[in-house]
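Colleague: Before we look at the model, could we go through the words used to describe it, with the rule behind each of them?

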Amino acid sequence: MPPSVAPWWRRRLPPPLFAWLLVVPVLAFFAIWNIVPLLWMIGLSFYRYILTFGVNPVYVGLQNFSQILQDYNVWAHIGLTVLFVIGAVGVETLLGVLLGFAFWGQTTLPGRRLALTLLFSPMVLAPVAVGTFFRLIYDPMYGILPYYIHQFFGVPAPNLLGNGSTAFLSVLATDVWMWTPFMILMTIAALGAVPRAMLEASAVDRLSIPRRLRYVIWPHAKFILVLGVLLRTIDAFKTFGLVSAMTAGGPGNATQLISLTLYREAFDSFSMGSASALALFALFIAIAFTSIYLFVLNYQKREVAAE
Amino acid sequence: MRKISASKAAVAVLAASSLLSMAAGVAPRPAARQQPARTSRPIQLSILGIGGWTPSELALRMAPQFEAYAKKQWGLNVHVTEASAPFTALYQKAATSLAAHSPQYDIIISDSQWLGAFATPQWIVRLNRVIQTTPMLNKAEHNWIAPIIKWSYQTYPYQSNNLYGLPQEGDTLVLYVRKDLLDNAKNQASFKAKYGWPLPTHFSQWAHLRWSKFMQIVAFFNDPKKGFYGLATEYSKTYDFMSDHVMSMDWMWGGQIWNHKTHQVYGVLNSPQNNAALHYYVNLLKYEPPGANTWGISHDINAMTQGKVFAALTWSAVGPAMFTPKMKNKLMVVPPPGHMVNGHFNQIYCIGGQPWVINRFLNKQQMQASLDFLKWWYLPRTQLNFAKLGGNPVLKQVVDAPGFTKIHPWYRAYKYMMVDAHQRDFWHNPDYAQLLAEQQAAWTALATGVIHSAKQANTYTACQQQKTLYDTGFTNKQPPASCRNVHL
């Protein structure tokens, strides 16, 4: 085979420079669309600037942050968001893992592909569309769910989204419906990472199921699985379209997640300074969540290293 | 304090807001349109309106008439294009475009409460001189059906002489009632036997009906066992759906929502009258269908057209949707009830309808085309065509013309209600969105049982709104210290 001949300009360029040239477009894109707006947002968080007031931005130092810290409503909405994240990701992970195991290895199951396709379809739908459909499904007068609850249990059709005590759980259930498939997918991927030879060896050694899970499956599957949990956590923390379409944060503030508060501050009130501060605050919380997962994930590794 | 220029900051902040928009789902704005030369080349006139709202859509449906008129009258080759967003998203769509100083939309159908938010940063044209120097607009300006048209749809500050909008359509809350049930002899006899007074069957009887009497009618027809209910109103947290109704009740019960000169809310909104009004309004739910505590306009229309309620208190603008073939002979549109306070019959409702405003960032040609469109809109002939299609005109010449009330069944109530004595508008302030969100959260919390006291809902709202107005410099009075302990 004749040796490949690089073009003249390629031969003249030192390899590191060529590598940089390949990376520069991506870096430039990242800088323009991510870094610059992020820096602007950070800068803006120190200003008082309301677009609809037509007044120049005024530097106010940490005032926006201090107002956030003292605002009862912001803390209430963050608390609700954390509850939503824990509830949604917890249930989705549990169901996802159980269903993932059910599908694992069932390669000869009739209709497996169709079942998986149908199972995964909710997560590819637009959250606003899902929210709108479920709002109709939950409607106590026209919705199918309250109708069947009434038919089967003989109780009045429940007003799931119009009741302060059930609205949150109803929205949570919709999120679970939508995102459990993602955790199934991650579980199947995670289980696929377990070497078949080790599984066969554990079967030959007649290792009990819990021990097989702990010593054979978990060490190989944990990274992908925790990555799934991490991605879902970050995503659940940003939940907006679903809740906006279903309840607009209501009734009252029963489903007012922090993303809705942020949206209202930025695009209803156009208070860009305080919205930027709140966005930054939310970003720190998301980073904190991520750090906890990474800490847990690497805990065992650090222990081994310490020994 | 350090300052940076507003225009630079506006551009920069919109770049920064792309990050925020990840959470918000706001689409990036298209680039500014090229400015066409004012020659025989076609002029594109873009109108941003309310999606799914008949009067707004009618303006677009009538656009070909304007195109023909402009060609004949001025030799202009104008093509009107449409953009729309639902009520809930229109403000964001318009404001983000205007904040970027974009000429994307020439004319924007606004809501009267947005005038302050659009006028303060000078995103829209102040129309005083334009109206003065344009005879066709000047004529219209002196020919509105009532002064409330000017105050509500045109002015910022509210009731000042600074004109920023022109009325696209007028609107008022009216009562759609089941005429067939009222006319039923058996119902009439049973009602009289039960309450000792006859069911009102004529417009004039309804025009002076009190809420207390109306509730007897509602209770009479309310029959949940048969899946039929007395009333449909609005309690949705979306946009201002519940607020319009609650504020109407406040005014009728003798309360105020704020002092619009001093911007004092605390002590005004949470008055005993307003607490009683809110309590009364939420108590109407016991005569409304299940789930009505989150209902908006479309739910009212569905309930009425599907024959599930006796009455619906909603906008005159939804008349075309209410009068379906199935319902057209069963409905009557009447003025909504009033309330007696100190011997005075208060029948005051929150004004509906929308103004339209002109984008300030247009070139001369686009600006002229926009004005041409508005001149055409206020021609009596155009207004009459608008009325025939189901829109609510605002010209006295058209509304007072013989036969106007016969055009559509809701026009009699519309005409009756569109006078200053029956209409009031709320804040036109630049921070209206925040004020609205605060009261919507509190009042919907009460309607859905999250909280159980009208006093708590109004006190929370007053505290939050006072703080908002204090923070934005509209008042120097902070909310009292007791507000720290008031939560939903």
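Modeller: Two residues are said to be in contact if their C-beta atoms, placed from the backbone, lie within 7 Å. This is a predicted model, in which local features need pLDDT of at least 70 and side-chain atom pairs count only at pLDDT 80 or more, while totals for chains, interfaces and linings use all residues. Residues are numbered from 1 along each chain as its sequence is written, and chains are lettered from A in the order in which they are written.

Colleague: What does B:Y176 touch?

Modeller: Leaving out residues up to four places away in sequence, B:Y176 touches B:M304, B:A311, B:A312, B:T314, B:M322, B:L331 and B:V333.

Colleague: What makes a set of residues a nonpolar core?

Modeller: Its members are buried Ala, Val, Leu, Ile, Met, Phe, Trp, Tyr and Cys residues joined through C-beta atoms within 7 Å, where buried means that 20 or more other C-beta atoms lie within 10 Å of a residue's own. The largest such core has 199 residues, and B:Y176, B:L231, B:L278 and B:A311 touch the most other members. Helix 22 (residues 432–447) of chain B gives the most to this core, with 11 residues.

Colleague: Why are strand 6 (229–232) and strand 8 (331–334) of chain B called edge strands?

Modeller: Two strands pair if DSSP finds at least two bridges between them, and strands 6 and 8 of chain B are edge strands because each pairs on one side only. Strand 6 of chain B is joined to strand 7 (residues 309–315) of chain B by three bridges, so the two strands count as paired, and they run parallel.

Technical notes. A residue is buried if 20 or more other C-beta atoms lie within 10 Å of its own, exposed if 12 or fewer, and partly exposed in between; C-beta atoms are placed from the backbone. Helices (H or I, at least four residues) and strands (E, at least two) are DSSP runs, numbered from the N terminus.
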